[in-house]
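Here's a quick tour of some charged contacts, with a helix pair to finish. Have the sequence and model open as you read.

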Amino acid sequence: MPGRNEPVPPQRPGLDISMSTLRDSIERHARYSQAQPWESLSTRQMFECVSLALRDLLIDRRLETERRYRHADAKQLCYVSIEYLLGRLLANNLSNLGIYDLCRETLRHMGADLDLIEECEPDAALGNGGLGRLAACFLDSLATLDMPSYGYGINYEYGLFRQDIDNGYQKEKPDNWLAFGTPWEIERSGEACLVPLYGRVEDGVDRSGQYNPMWLDWQLLIGVPHDVPVVGYGGRTVNLLRLFSARSSRNFDMQIFNTGDYLRAVEQKIASETISKVLYPSDAVPPGQELRFVQEYFLVACTLRDIVNRYEKAHGTLDAFPTKVAIHLNDTHPALAVAELMRILVDERNLPWGRAWDITQSTMAYTNHTLLSEALEKWPVPLLERVVPRHLQIIYEINQRFLTEVACVWPGDQGRVQRMSIVEEGPSKQVRMAHLSMVGSHSINGVSVLHSRLVQTTLARDFHDLWPDRFSNKTNGVTPRRWLLQANPLLARLIRRTIGEGWITDLDKIRALEPYAGDSAFRQEFLAAKRANKERLARLISETTSVRVDPASLFDVQVKRIHEYKRQLLNVMQIVFEYLRLVEDGVHPAVPRTYIFAGKAAPGYRAAKHIIKVICNVAATINNDQRVKGQLKVVFIPDFRVSLAETVIPGADLSEQISTAGSEASGTGNMKLAMNGALTIGTLDGATIEILEAVGAENIFIFGLTAEQVQAWRNCGTYRPRDLVSGDRRLKRIVDALASDRFCPKEPGLFRSIFESLLDQGDPYFHIADLPAYIDAQDRVAKEFERPPAWVSKAILNVARIGRFSSDRTIREYANDVWGIASVPESSGQG
C-alpha cells in the first residue's frame, strides 16, 4: 500500500520540468542562498533550498498569470480577512504544481528524504480556526478556477499561540513560526503603505467654501507587504496573498539615544511593530483592546491604500472602480474598510459624498460568520475618537444619512431607528461593526441555509426588511485538494483508481463512487485505507500524549475551537456516563471506543480553558482505571493546527458536530470529516443540516433540539435544567459525578462551577436538555459500528455525496452572485 506522502498524480498537466532542471535549481540555492554545498546542509536548510527552487517556479507562473489578467483587463476580487490558516505549504505547492513525485525522486537521488524535509516546515501561524481555514480554502479555489484575486491579511510574527497542556491546564507559549524566516514570502518594501492614526480633526472650508476637515498631528505607521504565492491545481494560475508587517516610520530617536536613554529611544519603534506581532491580542484590558482595534485598522488602511494604488496605475480615474474591483469583508474585523474607502474618496480624491458612497456600496460585500452577540464586534466611541478621529466623523455622517432613510421608510418607529443605528446609544456609546458592514455593502450573506435564515429573521431582521435583495446564502465549502487529495492519499488513490480524477476539480463527480458502497471488494480496500490512517493517528497520539490507543476501536473525534456553544462538555458528560456504566454497573461498551479531542481556548476565555481541564482530568481517570481494560480511552491532543488535522481527520470514524442548534454558523470540520469517510453525529445546526440532506438520514446520526425549539425555550423562560436532572436518573448520576471530586481528587471542588453553570445558571447552551437524546444516539452509533459492512457502506456514501461542499462551488456562487468576476484561463490574454 502506498505511503502517507505519496500523492495522486494530477488530472491537469503540471509543470513541464525535468529532474535535472529541478536538481540544478535546488543545488543553485544551496550554493547561492545557503553558501554551502548540498551535502553539508541540515534538513532545515534543505527545506529552504527546495522551497526556494519551488518559489522560483511559482514566480514564473505568477508573472504569466499577472500578464494574462492585465491583458484581459479583468475585474479582481480583494478578499480581506484578519486570519488565514494556511498550514504547511511545501507539499501543497508540489501537489498543485503536479511535481510531487518528481521532487521526491529528485531528492532521493540527492540523498534526501522529502518526508523529513516536509516535517521541518512550521505551520504558518496566520490564523486560528474555521474563519482562517475557510479563507485559505477560498484562496485555493480562486486560483484553481483561474479567478483574478488578491488575499489581504496581516503578517503575524507569532500568530495566536502554541498550546501546551500542563497537568490538564492550557498554557500559552509564543508560536515563533518566523524564527528562521519563511521561504514563501516575497517582501515588497518598495510598495509600503503609510498609515496615519491618532491626532485630531480640525474643521475648515476649502477655496470654494465647502466643508473641508483636516486630519492633523497624526502618527505614522508603515505597512510593508509580503506576498505569498497561491498556486491553483494544475499550476496554471498563481494568485497572491498579500500580508502586511507593521514598521515604525522612524527607527529610533537619535537625540534621546545619545543621552544614554537607549530603551526610550526605541520605544516608539517597539510599540509600532507590536501591531503585527500576535493574532487576536486579548481585549480584556484597555491597552489590549486598543491594540486589537489598531490592528484591524492597520489591515484596512494598508489594504485600501494598496487596492487604490494598483487600480489607479491601471485605470486612472476612480469612475469605474466598482467594475474592476470587488472588496469582500470576511466577518466584521475589516469593517472599517467602509469608512476608510470613503475617507480616501472624499478627502483625498475630492469626490462628492454621494458619488463616493455609490462607489463604496457597489464595491463592498460582507459575510457574517456568527449569531453570538459577544462575537459581534462593537468598539467604544472614545476609542475611535482617539485612534481614528476622521473615520469616526465619517461613520457619524454615514449613520445620519442612513437613519434618515430608515425614518422615511418607517416614520415614527423610533425603536427600529435605535436598533438599526450604527452607533449604539447608552452610558457608553459604541460603534456596531456588523451594522457598518451591512450599511456599507451591496451584498450580505450567511454561510449555511439555517444561519442565513437566522441572520435574516433575528440578527438583521430590520436590515432584511429594508433591503431584502441584498441578503443571500453562500454555504461554506472546503477544498478537496488539501482535505482529500493531500491529507488522505490512500483514499484519494483508491478513488482515482476506481472512478478517475475528475473529482479533484469537480467534486460533484465523486458521486460516481455511490454504486461501490455495495461492492465488497471496494469496501475492503476502503476499510484498509481507513485502518492505515487510524494506525498513523494512533502513532501521533502516542507521540503527543504518551497514551496508547487501539486502532481497532471506534475513533470518536471532536476537533475544533473550544467554546461552550460547541459543547465539548456535552461529549464529556456522555463519556462519564459510559464510564460509570462500565465500572459501576458492569455494562461493557458495545464496541471499544477512543474519544479524541483537540482545540485551543482563547487565552482570556476562562470557561473554555476549564473545559479543557475537565477533558484532561476525565481522560486521566479513565485511562488509568484498571477496570476499564482499554475499552474506553480519552485523549486531548495539544496544539491543534492544520498539519495535525491532516492526520486526525483521515483517521476519524465518527465526527462530533454537537453544537447547540442555532449557534454554529456553518462549520467546515463537519465537511472535511465526512469527505474522509467519517459518519457524523450531530444536531440540526449549521451546515450539518445540509450534510444530512446530502448523505441521507440513514447515513448520519441526528439528535437534539432544533433551533426553533431552543429559541422557544429561551423566549418563554421555562427551561429548568434542575427539574430535568431530578427527573432522569442518568442525568443526575452524570451531574453528581462531575460535581464531586471524583475527577479532581487533588483539587477538591475544582469542577463545582460546572455543576453551578448547568443547574443554577440556566445551562445557556442546553447541555441537560440534549444529553438524553445524545446518549441514545451514541448507543445507535455503537450498534452500527458492530456491523462493519453496513458501517463502511455508510462511510462510502458520505464520501460519494459530499460534492456540494467543495469550496469551488462556494466560490462560483460568490463570483456569479456577489463579486461579478470571471475565470481568466490560460488561453485568455494570448496574442
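Let's start with Arg242, which is buried at 2% relative accessibility (buried means under 20% relative accessible area, exposed over 50%, partly exposed in between, with a 1.4 Å probe and protein chains only). This is a predicted model, where local features need pLDDT of at least 70, side-chain atom pairs count only at pLDDT 80 or more, and totals for chains, interfaces and linings use all residues. Numbering runs from 1 along each chain as its sequence is written, and side-chain values use heavy atoms, with hydrogens and water left out.

Arg242 pairs with Glu191 in a salt bridge (a side-chain nitrogen of Lys or Arg within 4 Å of a carboxyl oxygen of Asp or Glu). Glu191 is partly exposed at 33%. Both belong to one network of salt bridges with shared partners, together with Arg188, Asp227, Asp306 and Arg310.

Arg453 is partly exposed at 38%, and so is Glu708 at 45%. In the remaining pair, Glu119 is exposed at 54%, while Arg88 is buried at 18%.

The contact (heavy atoms within 4.5 Å) involves Met19, Leu22, Arg23 and Ile26 of H1, and residues of H4 including Leu102 and Glu105.

Key: Helices (H or I, at least four residues) and strands (E, at least two) are DSSP runs, numbered from the N terminus.
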